[in-house]
Amino acid sequence: MENEIRSFVALSPEEIDLNDCREKIRSSENGAECHFVGTVRNKTGIREVIRLEFEAYEPMAVSEINTLIEKAHKLFEISSALVHHRLGVVNPEETAVLIIVTSPHRDAAFVACRFLIDELKKSVPIWKKEVYADGEVWVSAHP
Amino acid sequence: MKILFFGITKEIVGRSELEWNGEIPENINSLRKILAEKYPAISGLKSIAFAVNERYANDDQRLDSKDVVAVIPPVSGG
């Protein structure tokens, strides 16, 4: 029988605290815990980024992330996953997204963590506006 | 039917939602054409996806007056 996965998904304007998040999914059965921390770059090309502004279709974003976690659990031997994404204004050097995956073994934790951030970027309805000193752009909106 | 707009489409349309009082388009593809005609800037975007009642929908999905349709410009989370 397949084990249940423990998961935690949050979208919030508050800063993300790594240790608080680790506590939410930690378990003594795990031998590996892989983190992906997406931070805000201070430049895109040569333009200085002053801040990002994130927006989400919140209920759908949460359900899409949960679907991705279920997929990751079917594909890889993981025991828990946490995805926490910021909304609203996020400043350079702050964390925009945190993903934690735990597993009895490291290979599954690494690959599932990568799977979750890659798929989140492709399909979860969250949008990012980059604000520069001289303008702003919704990222990826135009060809 | 209610239509929700996000990101750049919210700026193009000038509002985050609208109540569709006219005839309900037959399917997503019909709605796609109506929106492109009404808001030409939408056609300049890389792509537009739709969700019906919080799930991604194909172009042939039929629409109902009770549906909540979301217009989804290219996502850029992470």
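Below are my notes, chain by chain, with a closer look at one strand.

**Ground rules.** I'm working with a predicted model, where local features need pLDDT of at least 70, side-chain atom pairs count only at pLDDT 80 or more, and totals for chains, interfaces and linings use all residues. Residues are numbered from 1 along each chain as its sequence is written, while chains are lettered from A and ligands numbered from 1 in the order in which they are written.

**Chain A.** I looked up the secondary structure and found three helices and nine strands. I'm taking helices (H or I, at least four residues) and strands (E, at least two) as DSSP runs, numbered from the N terminus. Along the sequence the order in chain A is β-α-β-β-β-α-β-β-β-α-β-β.

Next I checked the overall dimensions. The C-alpha trace of chain A spans about 55 × 25 × 25 Å along its principal axes.

Of the 143 residues in chain A, 34% are buried. My cut-off for buried is 20 or more other C-beta atoms within 10 Å of the residue's own, with C-beta atoms placed from the backbone. I also looked at contacts (C-beta atoms, placed from the backbone, within 7 Å). In chain A, 80% of the contacts with a separation of 6 or more are between residues 24 or more positions apart.

**Strand 7 of chain A.** Why call this strand largely enclosed by the rest of the structure? Eight of its nine residues (the strand covers 95–103) are buried, so that is the reason.

I then went through its partners, counting two strands as paired if DSSP finds at least two bridges between them. Strand 2 (residues 32–39) runs antiparallel to strand 7 and is joined to it by eight bridges. In that pairing I find A:Ala32 opposite A:Ser103. Strand 5 (residues 80–86) also pairs with strand 7 in the antiparallel sense, over six bridges. There, A:His85 has A:Val97 as its bridge partner.

**Chain B.** I count two helices and five strands here, in the order β-α-β-α-β-β-β from the N terminus. The radius of gyration is 12 Å, close to the 12 Å from the globule rule for 78 residues, so chain B is as compact as a globular protein of that length. Its C-alpha atoms fill a box of roughly 30 × 25 × 20 Å along the principal axes. Buried residues come to 27% of the 78. Among contacts between residues at least 6 apart in sequence, 56% join residues at least 24 apart.

Conventions:
Rg over C-alpha atoms; globule rule 2.2 N^0.38 Å. Buried ≥ 20, exposed ≤ 12 C-beta atoms within 10 Å, placed from the backbone. Contact = placed C-beta atoms within 7 Å.
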